[in-house]
Amino acid sequence: MSIRKLYFAGVMAAIITVSGCTSSIVPLTGRKVTTFGVSAAELEQQAAIAYNNLLKDPQVKVVSASNSEAQRVKRIGANIQNAVTKYMVANGFEEQIKGFKWEFNLIESPEINAWCMPGGKVAVYTGILPITKDDLGLATVMGHEVAHAIAQHSAERASDMVKAQLGGAAVGVLTSGRSEQTQSVINEIYGLGAQGAFILPNSRKQELEADKMGLSFMAMAGYDPRAAVNFWQRMAQASSNSQKPPVFLSTHPTDNDRIAQINKALPEALKYYNK
Ligand SMILES: [Zn+2]
């Protein structure tokens, strides 16, 4: 299946430089990630444009900053941002958040959804608020989404797409630096737009990693990570109550295994709680 078929295309002009191989370490988990052809910095720049375009879209209703729920999203977001920034700087990961331009917006929509684009561009949909219920639930979701951005999961996924599309040709690009073929694949990825390239379903591995990191991030920000279990149980309940599974759930399958993994990660996260 082509990338075009997988995601609906956005309109986004992009200036692309083929960046060869980039290696980075995921904070907290220590996993080494090597991305090829796509750099996190480029993705962050493109995501910032896509995010702004999305907010300006007449069909997208951004809840006014004077609204108390929007303020709650911004307040919890700022708490997580500050805690994460402190952690990153203290642990030698400053470079990885250099290009971050954090933003936290609440979007009026019945959709049960939330996401974070590369570079810290967060959106929470009003439809998810009955399930997040309180600050702890919201911090669970936002901590998890921010974790995807901190772990540079989008760059990893885009890189996997480049590799899959190019196959053996990738090896040639590694040595030559760039080729027309790489260029066209990367153009396609960057051309997917906000709804495509930056809010794709993550792999199972990335989901579990974001859960783990998210628990620690919420704890660092002063939110009891044990509340995450309750949130995911409510999310699972919401799914069984509705005929159409929530968008968030389609990308975040909640099952016993997920909750078991969260419980397993809790002792580590609790070390950061009220530290
Ligand atoms: Zn996720």
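Glutamate 111 is partly exposed, with a relative accessible area of 31%, where buried means under 20% relative accessible area, exposed means over 50% and partly exposed lies in between (1.4 Å probe, protein chains only). The residue belongs to a predicted model, in which local features need pLDDT of at least 70 and side-chain atom pairs count only at pLDDT 80 or more, while totals for chains, interfaces and linings use all residues. Residues are numbered from 1 along each chain as its sequence is written, and side-chain values use heavy atoms, with hydrogens and water left out.

**Chain and confidence**

- The protein chain holds 13 helices and six strands, these being DSSP runs numbered from the N terminus (helices H or I, at least four residues; strands E, at least two).
- Of the 275 residues of the protein chain, 54% count as buried.
- Among contacts between residues at least 6 apart in sequence, 73% join residues at least 24 apart, a contact meaning heavy atoms within 4.5 Å.
- The mean pLDDT of the protein chain is 83, with 79% of its residues reaching 70 or more; pLDDT is the predictor's confidence in each residue, from 0 to 100.
- Over residues 1-18 the pLDDT stays under 50, and the model has 43 contacts beyond four places in sequence for this stretch.
- Residues 170-176 also have a pLDDT below 50, with nine contacts in the model beyond near neighbours in sequence.

**The sheet and the helices packed on it**

- Four strands form an open sheet in the order 3-4-6-5, with mixed pairing, where two strands pair if DSSP finds at least two bridges between them.
- The edges are strand 3 (61-62) and strand 5 (114-117), each of which pairs on one side only.
- Strand 3 runs antiparallel to strand 4 (residues 103-108) and is joined to it by two bridges, and valine 62 stands opposite isoleucine 107 in strand 4.
- Helix 2 (residues 40-56) packs on the sheet and touches strand 3, strand 4, strand 5 and strand 6 (121-125), its direction making about 35 degrees with that of strand 4; axes are lines fitted to C-alpha atoms, for helices over the stretch in contact, and angles run from 0 to 180 degrees between N-to-C directions.
- Helix 3 (residues 68-90) packs on the sheet as well, touching strand 4 and strand 6, and its direction makes about 150 degrees with that of strand 4.

**The loop at glutamate 111**

- Glutamate 111 lies in the loop between strand 4 and strand 5.
- Leaving aside residues up to four places away in sequence, glutamate 111 touches Tyr125, Gly127, Ile128 and Val247.
- Glutamate 111 and isoleucine 128 are 17 residues apart in sequence, and their C-alpha atoms are 7.0 Å apart in space.

**The zinc site and helix 5**

- The zinc ion has as its protein donors His144 (NE2), His148 (NE2), Glu207 (OE), Glu207 (OE) and His252 (NE2), lying 2.0 to 2.6 Å from it; donors are N, O and S atoms within 2.8 Å of the metal (3.2 Å for Na, K and Ca), and sites may look incomplete because water is not among the atoms.
- Along the chain these donors follow the spacing H-x3-H-x58-E-x44-H.
- Histidine 144 and histidine 148 both lie in helix 5, four residues apart, which is about one turn of the helix.
- Histidine 144 counts as buried at 1% relative accessibility, and histidine 148 is buried with a relative accessible area of 6%.
- Threonine 140 is placed in helix 5 (residues 135-150) and is buried, with a relative accessible area of 4%.
- Not counting residues up to four places away in sequence, threonine 140 touches Met218, Ala227, Ala228, Phe231 and Trp232.

**Aromatic pairs**

- There are seven aromatic pairs, counted when rings of Phe, Tyr and Trp (its six-membered ring) have centres within 6.5 Å; planes under 30 degrees apart count as stacked, over 60 as edge-to-face and the rest as tilted.
- The rings of tyrosine 51 and tryptophan 115 are edge-to-face, because their planes stand at 90 degrees, with the centres 6.0 Å apart.
- This pair links distant parts of the chain, tyrosine 51 in helix 2 and tryptophan 115 in strand 5 being 64 residues apart.
- Tyrosine 51 is buried at 0% relative accessibility, and tryptophan 115 is buried with a relative accessible area of 2%.
- Tryptophan 232 and phenylalanine 248 form a stacked pair, 5.9 Å centre to centre with 20 degrees between the planes.
- Tyr51, Trp115 and Tyr125 form one aromatic cluster.
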